[in-house]
Amino acid sequence: MRIAIIGAGIAGLAAAQTLRDGGINATVFDKGRGPGGRMVSKRTEHGSIDLGAQYFTARDPRFQAAVSDWARAGVVAPWTVTPVVLPERQPARPETRLVAVPRMSALARHLAEGLDLQCGVQISEVTREMTGWVLRERHGETVGEFDAVLLTAPAPQAQSLLAEPSPRLAAEAAAAVMQPCWAVGLVLERPLEVDFDAGFPSSGPLGWLARAGSRPERPHTPEIWALHATAAWSEANIDWSPEAVAGFLEQAFADLLRRPPAVVERIAHRWRFSRARHPLRAGAGFIEHEDILCAGDWVTDGRVEGAWQSGCAAARRLLSLSGAGAPAGE
Ligand SMILES: Cc1cc2nc3c(=O)[nH]c(=O)nc-3n(C[C@H](O)[C@H](O)[C@H](O)COP(=O)(O)OP(=O)(O)OC[C@H]3O[C@@H](n4cnc5c(N)ncnc54)[C@H](O)[C@@H]3O)c2cc1C
């Protein structure tokens, strides 16, 4: 069975791995320069900064088992941090917070090993033809013909690809409204003297801040902080320039700390689709119509764990459609 997976985030990679374990080598396409999707790190001259997913949790036993494998392979480690709610400084809910090491993108790189992954390919059309599903990239070139397609792009991007081949799935994707997030990395001249490494501001434009060097296997110097604006602030100011956002959020950070940080470099990244406001919580973990399936965090619960579960569930469905059955160990 010829299977195309659109998207090499955690969902697409989990699906491709599960298919491979079941004997099917899927082709994975991603428009980005490398795999990882929203679990990426930005390279700067001062090192990498995690500007997307900050950590993840593992609640389901299957995902916990996968995390144990990744920990043994040295690509995931617990981040021993107690974020505080600011400005009160109350500790946030205790739970095991996991990160990829030495940067968030390391997990995707590990999962992608040995897969047929084609990066820098943006799929812009999925069309049913006599002999199967034909995928075309944004210049109109055909990239392949497949018996089934697994779409793992964020909901709005999935929605536009689905409009022609499956208006029904497109309507489901439209229901999983996704919210934006402006993220900023601040490289400091000297360490900040504050008694916390991560925090959830309870008001104002910031929703999250974290000291990068407090995570395992990250350098402590220079000191880098990652800031995330709230969804409401990001939505209201989505068209600001990165420079304006970096300056504004730096000031909000200074106001919160009651001291100006000495910043030597600022990087802002706009996530138009960061997390699903209304994830579908699909019982099966995926949605499908004919031979097109959708998976990803928006289909389940809007988290890294949900994305992984969704990709695995969709792959198991594809294996059963192909007659290959579940992979060994399932
Ligand atoms: C700022 C931020 C903070 C977050 N914090 C947390 C957190 O603390 N905990 C947590 O669990 N989760 C968090 N998340 C969410 C987490 O990152 C996602 O749940 C998870 O990474 C989603 O994985 P995915 O594979 O479903 O989608 P993605 O990672 O988005 O992967 C989809 C891939 O599809 C590709 N793609 C899209 N369209 C096309 C196309 N037309 N052709 C080819 N490729 C395409 C994209 O390039 C992307 O690589 C956060 C996300 C953001 C942005």
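**Reading contacts, burial and the ligand shell**

Me: Which residues does Cys119 touch, not counting residues up to four places away in sequence?

Reply: Contact means heavy atoms within 4.5 Å. Cys119 touches Asp30, Gly32, Arg33, Gly34 and Pro35, once residues up to four places away in sequence are set aside. This is a predicted model, in which local features need pLDDT of at least 70 and side-chain atom pairs count only at pLDDT 80 or more, while totals for chains, interfaces and linings use all residues. Residues are numbered from 1 along each chain as its sequence is written, and side-chain values use heavy atoms, with hydrogens and water left out.

Me: Where is the place of Cys119, and is Cys119 buried, exposed or partly exposed?

Reply: Elements are DSSP runs numbered from the N terminus (helices H or I, at least four residues; strands E, at least two). Cys119 belongs to strand β9, residues 116–119. Buried means under 20% relative accessible area, exposed over 50%, and partly exposed in between (1.4 Å probe, protein chains only). Cys119 has 28% relative accessibility and so counts as partly exposed.

Me: Why is helix α3 largely enclosed by the rest of the structure?

Reply: In α3 (residues 105–112), six of the eight residues are buried, so the rest of the structure largely encloses this helix. Those buried are Ser105, Ala106, Leu107, Ala108, Leu111 and Ala112. Their cover includes α1, β3 (41–44), α2 (61–72), β5 (76–79), β8 (97–100) and β9. After α3 comes Gly114, with a positive phi near 80 degrees.

Me: What are the domains into which the protein is divided?

Reply: Domain bounds come from an automatic or database domain assignment. Domain 1 is 3–41 + 104–175 + 278–322, and domain 2 is 54–103 + 178–277. The centres of domain 1 and domain 2, taken over C-alpha atoms, are 27 Å apart. Their contact takes 26 residues from domain 1 and 28 residues from domain 2.

Me: Why does the ligand lie between domain 1 and domain 2?

Reply: Both domain 1 and domain 2 give residues to the shell around the ligand, so the ligand lies between them. A residue is near a molecule if one of its heavy atoms lies within 4 Å of it. There are 37 residues around the ligand, and Asp30, Arg38, Tyr55, Ile123 and Asp297 come nearest. By class, the shell has 18 nonpolar, 13 polar and six charged residues (Ala, Val, Leu, Ile, Met, Phe, Trp, Tyr, Cys and Pro count as nonpolar, Asp, Glu, Lys and Arg as charged, the others, Gly among them, as polar).

Me: Which polar atoms lie 2.7 Å from an oxygen atom of the ligand, or 2.9 Å from a nitrogen atom of the ligand?

Reply: A polar contact is a pair of N or O atoms within 3.5 Å; within protein, one must be able to donate a hydrogen and the other to accept it, and residues adjacent in sequence count only if both atoms are side-chain atoms. A polar side-chain atom of Arg38 is 2.7 Å from a ligand oxygen. A polar backbone atom of Tyr55 is 2.8 Å from a ligand nitrogen, and a backbone N or O atom of Ile123 is 2.9 Å from a ligand nitrogen.

Me: Where is Arg303 found?

Reply: Arg303 is in the loop between β20 (292–294) and α8. Its side chain makes a polar contact with the side chain of Asp301, at 3.0 Å. Leaving aside neighbours within four places in sequence, Arg303 contacts Thr57, Arg59, Arg275 and Asp297.
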